[in-house]
Amino acid sequence: MRDLNMFPSLLRSGAGKIALAILFASSHLIPATGAINFTRVPTPNLNLDQLGRVAFAGDFDSISLYEFQGQNERPVGTNGALLSRFPNGVFTTLNTTDADIKAMCAYSANGTLQGIVFGGNFTSVGTQHTPGGIALLDPNTGAVTDLTGLNGSVSALYCDDDRGQVIVGGLFTGGNSSNAIIWENGWTNMPFSGFNGPVNSITKAASGNIIFGGKFSGLGDNMTTTATNVTQVLPIASANITAQTSSSLQGFGNASDIVCKTDASTQGADNTWLLADNSPGSWQADFGFGFMPSMLRLHNTDVDGRGTKTWRYTALPDGGIMNFSYPDPTSGQQKFCDARCPLPEGNVTAQDFTFVNNVGMNAFRIDISDWYGQGGGLNGIELFQNDIYAYAIKDFNEPKCGGAVTGASSTPTGPWVETPSGQSNSRYLTATLSGDNINPNSASVVFQPDIKQSGNYSVTIYTPGCVGDDTCSTRGRVNVTGSMTKSGPGLAGVEIFQTNNFDKYDPVFDGYVDATDGFRPSVTLTPSAGQNGPLTVVAQRVRFTLLSASSGDLNGLFEYDPTQATVVNNFADSVIDTAGASLNPKDQAIVNTVTSSDDNTLFIGGNFSGNGMNNIFAIKNGAVNATALKGNGLNNQVLTTYQDGNTTYVGGDFTNTQDNSASGLNGVATYSNNDWQPLGAGVNGAVMYIVPFSLNLTANTPEQVLAISGYFDSVNGFGDNATFPANNLAVWVPSRKNWLHNLNTHSISIQGRLMAYTDVPGSDPLFAGSISSSALDASGAVALQSGNPPSLNPFPATIRAQQLQTSLRKRAFASERNSTLTGIVTASFYQANNMNKTILAGHFAATGSNSENITNVLIIDGKDSDKVTGFGNGIDSNSTVTALGFLDNVLFAGGLISGKINDANVAGIVAYDLANNDFAGTQPPGLQGTNASVNAIATQPKSNNVFVAGSFMSAGALSCPALCIWNTERSQWSSPGGDLKGEVSTLTWISDTKLLISGNLTVGTSSANIVTYDSTTSQFQEFTGAGGLPGPVSALCPASSDGSQIWAAGKSGDGTAFLQRFDGSQWLPVNSSLFGQGTDIRGIQVLMLTQNHAQSDLIDAGQDLLILGQVNVTNFGSASAVLFDGATLVPFLLSSTSAGTPGSLSQVFVENPQSFFASNKKNLALGFVVLIALAIALALTFLLVVAGIMLEWYRKKNRGYMPAPTNYSDKMANVDRVPPEHLFGTLSGNRPPAI
């Protein structure tokens, strides 16, 4: 069933790098014609038949069997990814991006699929640089092609199959267009060259026209408007200034004397730079950032008749000679120059030269080739740019000199250090923050640009990539706020992820910026709240771009006829354009979404108001006016819509209609048949994305459900459904009119966010987002159903996290590991005395069958219709149960336990009568010591003794450190004898009198990792060679049926995991390179196989070792359970928590634990064995007789034939010699025959 030799090659591919062209084992999800395929891994050959029920316990909220290459339990990331689905429905990553994918569509031309176009604010896909935020996926090969040519980010895509085009919208520049452009195997400008603001949504109307929605007020090249007072002086004084062949005259050789002068026409010593007489030379400035200059201003010199006659400007580092236009100082006519630009003789006034081309650079050089008099020189130099920037590094900001009275500035606060530019445009500031729940005020940068003209501005913040400074693993989120006017709303707060691999920029504000009466706008960058260290925060620059005024009456909506080669600005002819023009605020309405229903009605949503059209309205096909929706729209902005036939799903930040006539519309709702309907009662935050996908809720009957993503932490209760927690994502099931969580179907689990999807011809849809997904939504415990392949089944109980009182837990408990354990830590089946109970224990909360609250111990009674109960009152809810044991229907539960039972305090351990479903009348006296805790409980076979071990000093008044014995017959503690101290991790009986003990131990004065205890002599003895193990043992199990061989695992002194086997004479270590950093082994168990694997010195060919915990498998990643065959770690179970982080398993528990080493080979009954032996004996006897006869016949034949005699003697002649009675006399009587 399983060829283990193929697993090394399967695992060497690495997690998260799924090839798209590998063979697919099932066509259930993606048809055979699809090209995105997955390889099923071989089924493990586990022999579970003798074990009865098999189950796993741990800290998880969803779990999967490892069935396909590419499955993993990576946590939900902060970035985006292209997603597909395995045949079992689990989402999987095809390729990652360093930011969000916001739109995607299938691009076809001439009836042939060209690929999947996807766009967003990412700068890389995998390791491939994609600076324009758009790329093409080839579904046949998996190759990603960067669609180069854009600079910015993409928010909307529409693949027009009829015209073989992709219409792209967003916030970008490319070709001669802004914010809208066409891809048709190359970039094509729109006839109107785009918009003067960002595009958020694109769709096609019934007429075939393309509808754009966004925040714009004009078309064409008028994205920005240029005024004489918006230019910015570049800080040449902060550059590294050098010169060649400077004059040796005193006071005239310093090249820095001519920058940042109060009066550039002043000349003389310390005010003029001269070349050496009769020599060409150069003047150079090297900046720490990139820029795109728009104008150069030079002041010639006239010192002693010297002066520059001709010069040229070289952009560095490219080395290009720049072209200029300038007014002739004599005629005033415009002229052009490049390699020999002139300066007039004897004229020290400013001479302006305008750059003909926009070219980026980070340094420049002025080469003087000819001069007046004895040599050349300059009195002053200034460089200007049209872009308005404020840099985090103060020296890069506009200087307060040379005509600038109030230059741009920045105010960093916190542990900022300057970082080299690396792959970025400029140097920047970096802050490294540590600790949990980092204070947002621990670091900040306030940017203040030099805004000289009030108006509508687009504000963009730039983030350097993390690859250049190697901080990708510690980057996080920042919050951007700002003040834009003296009064009124500003920039309330925009969260930006800084996890981009390469440089990116994000728009954070579009609106009015005030520059009157001395007011200066500002933008503040701080770390976002709720992050843990180490955290790297970067700050580089902020840009303000002045937007043009309205071009016509556009206001967030535009209808484009693709059949027309030109656009006529008569927007009143369009119902759609007219509807946008009627919205408020004028020129600043924001349209976030435009969709079309099956009856060709357009639904437009965003942030606007006007004539009953608040945040959403409709335009019916063929109508002459827009239509307000019932309730006059919604009371806050709409962020997304999704059309399902004629039902419109709406997501946003609203809570009701504008006239408060429809309650329950919290963040999400539907509109159909002219009426609003809630989805349950909505969520407690904003919904940003609604994405459909299919789900099997009944056997083999997939149906469409909706992933609702946004910013919320709970789903509101309604009807009989209680409020439940949700980490920014919940799934709505339209057919049930309920949330998936409330249906208790235990289907697949997803955490994270789904942001976009596209149908793919000939295959199933592809998705975009950041998702952690598992095959089964189950918390804490799951049963394994054997089969080919095996399957997982949930228990009839729902485990949830418990709110911890951290301060109490820290005071009450000492064990560092156990005090942080959550979920189910230990579990067991109990079937003695005709019972059938399952006990789950740890640190969690649940609800019983009678709606009672349950904490930390849950009991499922299989004899009573799986009734769920708990301990009830008795132990404190902040306890953690870490060990279980049984004796005569009494359950012993130990751990970090405190409470009061029958008015008596309990500590460390309690006894519960499973027959009476109540605490036992006699409780073991509490364990004493500093933060006493129990880690293991083991009942001695054929006795009334319960061995209890952990970290404590005494039990009641009896001194018995680390290990004590509770006798149920006498109801008292007793000491095991000997001199054992330390902390015990595990107890394992390997015979009726021999006990294996592991942990961080001391016997007498000697340290030990594993010791044996002989109950007949009450003696402890260090296990053979265990002192050589690299650290304390946290998990142990027998490796053979007689217990003479064992497996042991733990952590070495350097924190790395170790795993070793004792083979009866020596310890054999498992290759430590198999385990990655962070591996935490919490349980191990030998399992038998149905087929042998390759021979190994470490493990028998008919066995695998099951390893539980959080196992970081080299070249794979984290797994909750793996199988070890002596050479390779094979992932077996993958799990995650509700927070999207990797889960962990702590224990496998079975009905028949005594059968772990039992073979599946069935023996015949003794009677059948005897009968078969008798038959074999008779057959052998018969064969011997036949052989004798044949041999005699052969002998006689060889000697010749002799006739028998024919003369017979008297037959009765000898009768008298032996009387008959003498012959048979011994058979008389009742004597038994001798045997």
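1. A residue counts as buried when its relative accessible area is under 20%. In this predicted model, serine 933 has a relative accessible area of 0%, so serine 933 is buried. Serine 933 sits in strand E70, which covers residues 933–939. Its C-alpha atom is separated by 9.0 Å from that of threonine 882, 51 residues apart along the chain.

2. Four strands form an open sheet in the order E11-E12-E13-E14, with antiparallel pairing. Strand E11 (150–160) and strand E14 (187–188) are the edge strands, each pairing on one side only. Strand E12 (residues 165–174) and strand E13 (residues 177–183) run antiparallel and are joined by six bridges. Across this pair, valine 166 stands opposite tryptophan 183 in E13.

3. Now for the backbone geometry. Most peptide bonds are trans. The bond from leucine 316 to proline 317, however, is cis, with omega near 10°; proline 317 belongs to the loop between strand E22 (307–316) and strand E23 (320–321). Asparagine 584 and proline 585 are also joined by a cis peptide bond, with omega about 0°, and proline 585 lies in the loop between helix H2 (575–581) and strand E43 (590–596).

4. Two phi values deserve a look as well. Most residues other than glycine have a negative phi. Asparagine 615 has a positive phi near 70°, in the loop between strand E44 (602–607) and strand E45 (616–619). Serine 851 has a positive phi of about 65°, in the loop between strand E62 (837–847) and strand E63 (853–861).

Note on methods: Residues are numbered from 1 along each chain as its sequence is written. This is a predicted model: local features need pLDDT of at least 70, side-chain atom pairs count only at pLDDT 80 or more; totals for chains, interfaces and linings use all residues. Side-chain values use heavy atoms; hydrogens and water are left out. Helices (H or I, at least four residues) and strands (E, at least two) are DSSP runs, numbered from the N terminus. Buried means under 20% relative accessible area, exposed over 50%, partly exposed in between (1.4 Å probe, protein chains only). Two strands pair if DSSP finds at least two bridges between them.
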